[in-house]
Amino acid sequence: MDNKITIYHGSKFIIEKPTLRGGKETNDYGYGFYCTKEIELAKEWACPDNNDGYANEYLLDLNGLKVLDLSNKKYNILNWIALLLQYRIPKGLNPNDEQAREYVVKNFTLNLTDVDVIIGYRADDSYFSFARDFVKNNITVKQLSKAMDLGALGIQVVLHSEKAFNQLTYVKSSIAENETYYTKRVARDLQAREDYQKTTRNIKVDKDDLFIMDIIRQEVKNDDARIQRNILK
């Protein structure tokens with residue numbers, strides 16, 4: 001069965017032969033090659049400052065690869081947050097915040113040992129601020145879930161194993177003009193922050209909502225029905 005997808009990696013450079021440890025361990029899901037199915041989004045990611053970049057195009061053969069898709073209904077928003085907080089630690093956490101981070105990582109992190117490809121949210125600055133607000137007990141699970149549903153910053157496809165890299169074929173690279181795509185990137189981030197503020201203001205917190213301190217005090221775990229109930233409200 002043909003199970004190939006086209007993906008793009010935004011970078012300042014043309015990358016014909018990416019490697020597993022070519023990036024930073026402190027990326028969203030640790031070491032990996034971070035891509036998207038959308039070329040326009042890749043071009044934005046290629047322009048983090050006022051310089052031109054490239055959208056590198058690849059063909060990924062998914063046959064025989066184990067794919068962890070965090071948008072699947074069997075996973076919850078805290079699974080994504082746990083992976084994020086495992087590799088990226090927010091600045092300015094007080095002891096209570098750090099306790100919250102450690103609890104989420106310990107109880108909601110998924111095992112990535114045999115995972116070849118991860119599909120999930122990309123944590124640009126705005127999304128990372130949502131995660132920080134949750135750890136600091138400022139928003140509930142329901143508010144966090146609604147913020148993620150905004151989808152303004154896109155979904156990424158991450159190659160997470162050597163096996164996945166062996167099934168990746170470079171196609172070509174397209175220029176990403178900073179004059180266009182840096183502006184789009186900034187606008188997308190600002191829009192995500194504005195939408196987040198509107199969303200959190202408009203969601204009424206009720207007695208069943210769970211803040212992170214509620215989760216810790218009640219020892220809520222990954223299979224607890226209250227997590228899914230708060231997400232679906």
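**Aromatic pairs, a sheet and a helix**

Good morning. Please keep in mind that the model on the screen is predicted.

What surrounds this residue among the aromatic rings? F33 belongs to one aromatic cluster together with Y58, F165 and Y170. A pair of aromatic rings is described by two quantities, the distance of the centres and the angle of the planes. Ring centres must lie within 6.5 Å for a pair to be counted, and by this rule the model has five aromatic pairs.

Consider F33 and Y58. Their ring centres are 5.4 Å apart and their planes stand at 85°; since planes over 60 degrees apart count as edge-to-face, this pair is edge-to-face. F33 lies in strand β2, residues 33-35, and Y58 lies in strand β3, residues 53-61, so the pair ties together parts that are 25 residues apart in sequence. Y58 is buried as well, with a relative accessible area of 0%.

How are the rings of F33 and F165 arranged? Here the centres are 6.1 Å apart and the planes are at 50°, so the pair is tilted. This pair links distant parts of the chain, because F33 is in strand β2 whereas F165 is in helix α6, residues 162-166, and the two are 132 residues apart. Both F33 and F165 are buried.

Strand β3, which carries Y58, is part of an open sheet of three strands with the order β1-β3-β7 and antiparallel pairing. Which strands form the edges? They are β1, residues 4-11, and β7, residues 168-176, each of which pairs on one side only. On average, neighbouring strands of this sheet are turned by 25° against each other, direction ignored. Between β3 and β7 the antiparallel pairing runs over eight bridges. As an example, E57 has K172 in β7 as its bridge partner.

My last element is helix α7, residues 178-202. The buried residues of α7 are N178, Y181, D189, A192, Y196, T199 and T200. Thank you for your attention.

How values were computed: Residues numbered from 1 in each chain as written. Predicted model: local features only at pLDDT ≥ 70, side-chain atom pairs only at ≥ 80, totals over all residues. Heavy atoms only, no water. Phe/Tyr/Trp six-rings, centres within 6.5 Å; stacked < 30°, edge-to-face > 60°. Helix = DSSP H or I, 4+ residues; strand = E, 2+ residues; numbered from the N terminus. Buried < 20%, exposed > 50% of the residue type's maximum accessible area, 1.4 Å probe, protein only. Pairing = 2+ DSSP bridges. Axes fitted to C-alpha atoms, helices over the stretch in contact; angles between N-to-C directions. Expected span 1.5 Å × (residues − 1).
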